[in-house]
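Visitor: I would like a close look at one part of this model. Please take me through the place where two of its chains meet.

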Amino acid sequence: MESQPRIGVYICHCGTNIAATVDVEAVREFASRLPGVVVARNYTYMCSEPGQGLIKQDCEEQGLKRVVVASCSPRMHEPTFQKAAQSGGVNPYRVEMANIREQCSWVHKDRTEATEKAKSLIASAVAKATWLEPLEKREVGVTPGAVVIGGGVAGLVAALDVADAGFPAYLVEQSDHLGGRVADLDRTFPEMEPVADWLPQLVERVQSHQKITVFLNSEVESVDGFVGNFKVKVSQLSASSDLKVGAIVIATGYDVFDPQRKPEFGYGHYPQIVTTLEMEKRLAEGDLTINGKMPKDIAFIKCVGSRDVQVGNPYCSRVCCMVSAKQARLLKEQLPDSRVSVFYIDVRTFGKRGEEFYDEARQAGVLYRRGNVSEIYKKGDRVALRVEDTFLRRTIEHEADLVVLAVGMQARDDVEDIAALLKLPRSADGFFLEAHPKLRPVDTAVDGVFLAGCCQGPKDIPDTIAQAKAAASSSLIPLLRGTVPVESATAIVDAELCAGCGMCVDVCPFGAPALDPLFGVSVVNAVLCKGCGTCAAICPSKAMRLQHFTPEQILAQVDALVW
Amino acid sequence: MQVDTQELAERLSLFGCIQCGKCAGGCPVSMKTTLDVRFLIYEALIGQLPDPTHMEELWDCTCCFTCVERCPKDVKPAELIIGLRSLLVENGTIPKTVTDALQGIFRQGNPLGFAREQRADWADGLNIKAAQEGCELLYFVGCTPAYDLRVQPVSRALARTFQAAGLDYGTLGIEESCCGNEVRRVGEQGLFEMLVEEGKPLIESTHAKRMVTTSPHCMNTFKKEYGLSGVEVMHYTQLVAQLIADKNLEFSKKVEKKVTYHDPCFLGKQNHIFDEPRAILQSIPGVKFVEMDRSRERSLCCEGGGGRMWVEGTNMEERLAFQRVHQAADTGAQVLAVACPFCLLTLEDAVKVQKLDDRLQVMDIMELVNLAL
Amino acid sequence: MASSQKPAALIIGAGIAGIQAALDIASAGFPVVLVEREPSVGGRMSQLDKTFPTLDCSACILTPKMVDVGQHPLINLMTYSEVTAVKGEAGAFHVTVKKKPRYVDEDKCRGCGECATACRMTGRISDTFNQGLGKRAAVYVSFPQAVPLIYTVDPTTCLYLTRGVCGKTFKCKDACPSDAINFQQKEQLVELDVATIIVATGFDMMDPRQKPEFGYGMYPNVLTGLEFERLCSAAGPTGGKIVVNGQEPKQVVFIHCVGSRDPHTGVPYCSRICCMYTAKHAHLVRDKLPESQVTAFYMDVRAFGKGYEEFYDRVKHEHVLYRRGEPSEVYKRGDKLIVRAEDTLLRKSIEVEADLVVLATAVVPRADVAEVAAMLELERSPDGFFKEAHPKMRPIESSRPGIFIAGCDQGPKDIPDTVAQAKAAASSAMVALTRAASSAK
C-alpha cells in the first residue's frame with residue numbers, strides 16, 4: 001500500500017432517489033475525514049456529463065490515485081465511472097463503488113439509519129480503495145472459424161450462417177450422412193410438406209459451400225484452449241485433423257426414448273406396436289400394413305417416456321403432440337375407413353398454425369380421447385389398450401390393429417462424453433445447460449461454446465433453426481470482432497508459498513489453474529480465469545490471491561464496516 | 001361421516017395429480033366395479049368427496065399398487081383408498097368379515113380363526129430350530145402358509161429345501177404373528193403399528209442376517225414398512241433361485257409338465273422380482289415353460305390382496321381369477337405355477353369353479369421343486 | 001450512417017427482441033440504429049414482474065441489457081421515434097425516421113422527476129404502462145428504470161399542448177432544475193442508409209370485451225393477465241400488493257384461453273404463453289396471499305418448454321387447483337363473482353365463487369400491424385402476424401428480401417424463444433452486413 005492513497009469520494013444524489021432518504025451532505029462531510037481521502041464531493045447526478053467532469057477534473061488537478069463513487073449499483077454505471085477516471089489518468093481498476101441506492105436508500109425508510117448505513121458503506125469502499133492495484137484490460141485475438149459438432153439441421157444451419165459471413169466452418173458428423181433425424185422424417189407439420197422438398201437443398205448448400213468443410217464418420221477427440229483460440233482434434237477412422245477455431249457450436253441432437261422401458265405397453269412383444277419414428281418411416285415408404293393387413297383401428301398413445309417421473313423424464317418432449325396429430329391425420333387420409341384415436345393427457349399444439357392443425361385433424365375425423373393408456377395386452381389377434389377415458393369416467397379396453405407410441409426425446413447416450421470434452425454442465429433433464437434459461441438460451445458457461453437444437457432440449461424444426469442461427473450469431477460476434485476481452489481481475493499464485501497441493505485445480509470450474517510439471521506449483525491461465533475466487537478461497541497456503549479481491553482489500557472492508 | 005379432504009390431500013400429496021387416468025386405466029377391477037381411483041382423487045382435491053361409509057367399492061381394491069407403480073407424477077392413488085378405509089375403521093363401519101379377521105390377528109396373531117398354539121403344527125416332525133436361539137436365516141412362515149391345509153405343503157417343501165441346502169435356518173414358532181401387510185391395507189393403522197412394535201424386536205433378536213418369507217405380502221411389508229436393520233429381507237424365490245445357481249440344490253427327478261407362471265402382484269409389480277421364479281421353473285428338469293401374454297408387469301391380479309381374502313368384492317360374478325385361469329389354460333399348460341399363497345388359493349378355487357380341473361393344476365413353485373428334489 | 005465506414009443495421013422495436021439483436025450486431029462491430037416508438041426501450045418485458053419458470057425478476061434481467069443498449073458506442077438509440085418510410089432494397093435501404101418531440105431537451109434532462117411532481121395533471125392521467133390501473137402526470141417516464149431516463153410530455157394530455165394554456169406559468173418549467181422543458185421542440189425527420197433491417201415490433205393483448213360473457217369492464221375485479229402482472233409488480237400501481245377494490249382477494253380464479261383457440265374472436269391460434277404465465281400468476285397469489293384459494297380453469301395445460309412441466313408440477317403442489325373446463329360465464333351474486341363452467345372431469349356444471357377473476361387474454365398483432373406491414377411491404381400470415389418467407393428454409397426472413405422478423409411480431413412466444421429468434425435475425429443481419437461491407441470495398 002502506498003503511503004498516500006489520494007482518494008476522491010463522490011456521492012451521488014441520484015435526483016431524489018438517494019438524497020430524499022440519505023443526508024448526502026452529512027455523508028460527504030464524513031467521507032472527507034476518512035483516512036486517505038483528499039476530496040469529497042456530492043452532486044445531483046454523478047453519471048451525467050458534469051458529474052463525470054468533476055471526477056476527471058479532480059483526478060487531473062488533485063493528482064488523485066483512486067476514486068470512490070457512492071451511487072447506484074455498479075451494474076448501472078461502473079463502466080461510466082471507470083471511463084471518467086481513466087480520462088483523468090487514473091487506472092479504471094482503482095475505481096470502487098459503494099451502492100447506496102439499491103442497497104440503501106431504496107430499501108430503508110428511516111433517514112437516520114439510512115444515512116449511517118451509507119456512511120458505513122462508503123467507509124468500507126474507501127478502505128478497499130486504499131488497497132486497490134492497477135490492472136490492465138486485455139484482449140486476445142480470435143482465430144477465424146468455427147467447429148460445428150453435429151450434422152443435423154441445427155448443425156447445417158449454424159455452419160451456413162458462419163460460412164455465409166465469410167468464415168471457415170468445420171462440420172463434424174458422426175454418421176455417414178448429413179441431415180440428422182430430420183432426414184428420417186416423411187412430412188413435417190404444419191405445412192405437411194415432404195422433408196425431401198427442402199432438406200436435400202440445405203444439405204447441398206452445405207456440401208457445396210466453399211467455406212464449409214464436412215467431416216463425415218468423424219468424432220471430436222479433444223478440445224483445448226479457450227474462446228477465440230480453440231484447438232479441436234477431429235478423428236475420422238484412422239486419420240485425425242487439428243482444427244484451430246474461435247468458436248464451437250454443439251448441435252449433437254437427441255436420442256429417442258426406448259419404449260421397452262415401459263414394459264406395460266408390450267413394445268417388442270406385439271408387432272402391432274410401433275413408435276412414431278417407425279411410423280414415420282412407414283408413411284414415407286407407403287407401407288401401412290400390419291401382419292399383411294391394412295389396420296382398421298389405429299391408436300396413438302402420447303407422453304411415452306415424457307412427463308413421467310417413473311422413467312426419470314419429468315419434462316415434456318414438446319413435439320409429440322404435433323407429431324401425433326400429423327401422423328394421425330395422414331393415416332386417416334390414407335385409410336379413410338379406419339378409426340384413428342389419439343389418447344392424451346393434454347394437447348400441446350402451441351406453435352404457429354399448430355392449433356389450426358389440431359382443429360383440422362379433428363375435423364378430418366381423428367378422435368381425441370383424454371386418458372393416459374395404462375397397459376396393452378393381446379385380445380384375439382388384435383391388441384387391447386386398457387385406458388380410462390377420463391371424460392366418460394369409465395375404464396375401457398380399446399381394441400386396435402396398430403398402436404403408435406409417441407416416444408419422447410432424451411439426452412443422447414453419449415452426452416456425458418461430449419459434456420466432458422468441453423466441461424459443459426447439464427440441466428436436471430439431462431440436456432445441456434444454457435448460460436441463462438431466459439436471456440441466454442444458446443450460450444453456455446464456457447465462453448465460445450454455444451448450443452443449438454435438441455441437445456439443449458426438445459424442440460421442433462423452426463425453433464431448432466432459430467436456435468442454430470442464434471448460436472451462429474453468438475459465434476460470429478468474436479469472429480467478426482477479431483478479438484475477445486479477457487478478465488483482468490484474475491487469480492495469481494505466489495510460487496514461493498504454493499505447496500503444489502492441487503486443490504485449486506480441483507475446484508476451478510474453468511480449468512484455469514494447472515500444476516506446472518517442472519516446478520510443481522500452480523500456474524493460472526489468465527485467459528481462462530474468470531475471477532470467481534474459488535481457488536483463492538480454498539488455497540490452504542494463501543498462495544493464491546484474486547486480484548481486485550485480495551485478502552487485504554476484503555479485510556479492510558470488513559474492518560471498516562465493523563469499526 | 002365427514003372427510004377432511006384438505007388433510008387427506010396434504011398428507012397424501014395428491015396435489016401433483018394431473019388427472020391423466022393412468023391409475024384407473026391400469027386398475028384391475030376398474031372395469032367391473034364402480035371404483036375409479038382417479039375420480040376419487042379429484043373429488044378429494046376439489047373438496048367434494050362423498051361420505052365413504054356407503055362406498056362399498058372401496059373394498060374392491062386389491063392393493064396391487066399398479067396405480068402407484070405407473071403414476072407419472074408420483075402420486076400414490078392406492079394410498080387414498082387405504083386412507084379412506086382407515087377413516088372407516090376409526091368410524092367402526094367396516095365389513096364384518098374384516099373385523100373378524102382383525103380381531104383374530106389381535107387375539108391369536110392370525111386372521112384365520114385358529115389358536116396361536118397351533119401355529120407350528122405344520123412343522124411337526126421337521127425339527128426346525130427356534131430362531132430365537134439365533135440363526136443365519138430366519139424363515140418367516142406367515143399365517144396362511146402355517147395354518148391353511150392347502151398351503152402347508154409349501155411351507156414344508158421350503159423347510160426341506162433349506163435343510164437339503166444345509167442352511168442354518170429357524171422359525172419363530174408360535175411366537176410368530178401376522179406380518180400386518182393386509183392389516184395396513186385394510187386401514188387398521190393402529191393394529192399395524194402394534195404388530196410392527198412387537199414383531200420388529202422379535203425379528204432382530206434372532207440376529208439373523210437374512211430373512212425369507214413364503215408370501216410376497218409378508219416380504220413386501222417387512223422390506224418396505226418395518227424399518228428393519230441389519231437383516232436382508234427376501235422372498236423364497238430369490239433364495240431358492242440363488243441356491244440353484246450356486247448348485248446348493250440339486251434335482252434328481254424329472255417333472256414332465258408344461259408349466260406357465262402367474263406373477264403375483266406383490267412379488268412382480270410391486271417388487272420387480274420377475275426373473276427368479278422363472279429361473280427356478282426353467283431349471284427343473286422336464287419342465288417345459290410357456291409364458292402367458294399378460295405376464296410380468298402386465299400380470300392380471302388374482303384379487304387376493306388388499307384384504308380381499310377377508311371380504312368379497314362388489315362384483316363376484318366376473319372374478320379376475322376366472323379370466324386368469326382361462327388365460328393359463330389357453331397356453332396349453334398343464335400347471336399354473338404361483339409363488340404366493342393367496343394366488344394359490346384364489347386361482348385354485350377359480351379352476352374348480354370354471355371346471356378346468358381336468359386340464360389345469362395350480363401349484364406353488366415349491367411344490368414343483370419338491371417333486372424334483 | 002454515411003459517416004461510418006461499416007454498413008449499418010436498422011432494428012425497428014426495442015423490446016427484448018430488438019435489444020438482443022442490437023447487442024449482438026453491435027458486439028460484432030457493426031453500427032446499429034435502434035428505433036423505438038415508446039419513450040423508453042424495454043417493451044413488454046419491462047411490464048412483467050417475475051418470469052417463468054425461474055421466477056427471475058424481469059426488470060433485473062432486462063435492465064442491464066437496456067443499459068448496455070443505451071451505452072453501446074455502436075448503437076444509435078432513437079427512442080420516441082417511428083419509421084415512416086423504407087425505400088430501396090436489400091443491402092441499400094433508405095429509411096426515414098420521425099423523431100417525435102418530447103418537449104424535453106435530451107441533453108439537459110437528468111430524469112429527476114421534479115416536473116412530474118409539479119405538473120398540474122399529476123395523478124390524473126391514466127397510465128398505459130400500468131394498463132390503466134395507475135395514474136401519472138402529463139410529463140412522465142414509463143417506469144423508473146427507463147432507458148433513456150428522460151422525461152416526455154404527453155401531447156395528448158398536456159394542458160398546454162392540447163388547449164394552448166397551462167395556468168399562469170408552466171409548473172414543469174418552473175420545477176426543472178436543468179431548464180430542460182422546451183415547448184418549441186418540433187418533430188424531426190431523420191434520413192438513414194442501412195444495409196439490413198430487423199422488424200421486432202412485438203404484440204398487443206386482445207381486449208377482453210370481445211368476450212363480454214366474462215364481465216370484463218363491468219366488474220372491477222375481473223382483470224386481464226397483464227393488468228394482474230402490474231398488480232404483482234413492486235414498481236406497479238399497488239407496490240406489488242394484490243389488492244382489488246381495496247381488499248386482498250380470498251378466492252382467485254384464473255381462466256385460460258380467453259379469446260385464443262376461438263374462431264369467434266378471429267383468434268383460432270394458441271397464444272402459447274398463457275398456460276405458463278397463468279401458472280406463474282397462480283404461484284404469486286399463493287405466495288403473497290397464503291390464505292387464498294386459487295383455481296385455474298383450463299382446456300389443455302401447455303407447459304412444453306424447458307423446465308415448464310416441472311414448474312406446473314410445483315405450482316400444483318402449492319395447492320393451486322387445476323380444473324378442466326373452459327368457463328362459459330362470469331356473473332355476480334351478492335358481493336361475490338361466480339364463474340360458471342362445466343368441469344369435464346366431474347361431468348358436472350359448477351359455479352365457483354371468486355373475489356378476483358384473471359383472464360388469460362389472447363396475444364394479438366399490434367393494432368397498427370396493417371399500416372406497418374403496408375409501409376414495410378411485408379406480408380402477413382392468416383393469423384395476422386408477419387409472415388416468414390418459408391417456415392423451414394427461411395424462417396427469419398420476411399416476404400421482403402433484406403428485412404428480417406424476430407420476436408412476437410412473427411407469432412406469440414416466450415422470452416427464450418424470442419431471444420433465440422432475435423439472435424437468429426442478428427445472424428442473418430451479420431451475414432448481410434458482411435456482404436455489404438465486402439461489396440462496398
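How many salt bridges are there between chain A and chain C?

Guide: The count between chain A and chain C is 10 salt bridges. Keep in mind that this is a predicted model. Take one salt bridge as an example. The side chains of A:Glu434 and C:Lys306 meet there, at 2.9 Å from N to O.

Polar contacts come next. Across the interface of chain A and chain C, 33 residue pairs are in polar contact, with both residues at pLDDT 80 or more.

Which elements of chain A take part? Helix H12 of chain A gives the most, with 15 residues. Now sort that side of chain A by class. It has 32 nonpolar, 15 polar and 22 charged residues.

Step back to the whole interface. In total, 69 residues of chain A are in contact with 72 residues of chain C. The two chains bury about 5600 Å² between them. Of that area, 56% lies on carbon and sulfur atoms. Three residues of chain A stand out: A:Lys352, A:Lys438 and A:Leu439. They supply 15% of the area that chain A buries against chain C, more than any other three residues.

Now turn to chain C itself. One open sheet there has 5 strands, in the order S5-S2-S1-S13-S24, and the pairing is parallel. Strand S5 (75-78) and strand S24 (403-405) stand at the edges. Each has a single partner strand, so one side of each is left without a neighbour in the sheet. The twist averages 20 degrees from one strand to the next. Look at one pair in this sheet. Strand S13 (residues 196-199) and S24 of chain C pair in the parallel sense over 3 bridges. C:Ile198 stands opposite C:Phe404 in S24.

Another open sheet of chain C also has 5 strands, in the order S15-S22-S16-S17-S18, with parallel pairing. Its edges are strand S15 (222-224) and strand S18 (320-324). The twist averages 25 degrees from one strand to the next. S15 and strand S22 (residues 356-361) of chain C pair over 3 bridges. In S22, the bridge partner of C:Leu223 is C:Val358. Helix H7 (residues 274-288) of chain C packs on this sheet, touching S16, S17, S18 and S22. The direction of H7 makes about 175 degrees with that of S16.

How values were computed. Residues are numbered from 1 along each chain as its sequence is written. Chains are lettered from A and ligands numbered from 1 in the order in which they are written. This is a predicted model: local features need pLDDT of at least 70, side-chain atom pairs count only at pLDDT 80 or more; totals for chains, interfaces and linings use all residues. Side-chain values use heavy atoms; hydrogens and water are left out. Contact means heavy atoms within 4.5 Å. Buried area is the accessible area (1.4 Å probe) that two parts lose on being put together, summed over both. A salt bridge is a side-chain nitrogen of Lys or Arg within 4 Å of a carboxyl oxygen of Asp or Glu. A polar contact is a pair of N or O atoms within 3.5 Å; within protein, one must be able to donate a hydrogen and the other to accept it, and residues adjacent in sequence count only if both atoms are side-chain atoms. Helices (H or I, at least four residues) and strands (E, at least two) are DSSP runs, numbered from the N terminus. Ala, Val, Leu, Ile, Met, Phe, Trp, Tyr, Cys and Pro count as nonpolar, Asp, Glu, Lys and Arg as charged, and the others, Gly among them, as polar. Two strands pair if DSSP finds at least two bridges between them. Axes are lines fitted to C-alpha atoms, for helices over the stretch in contact, and angles run from 0 to 180 degrees between N-to-C directions.
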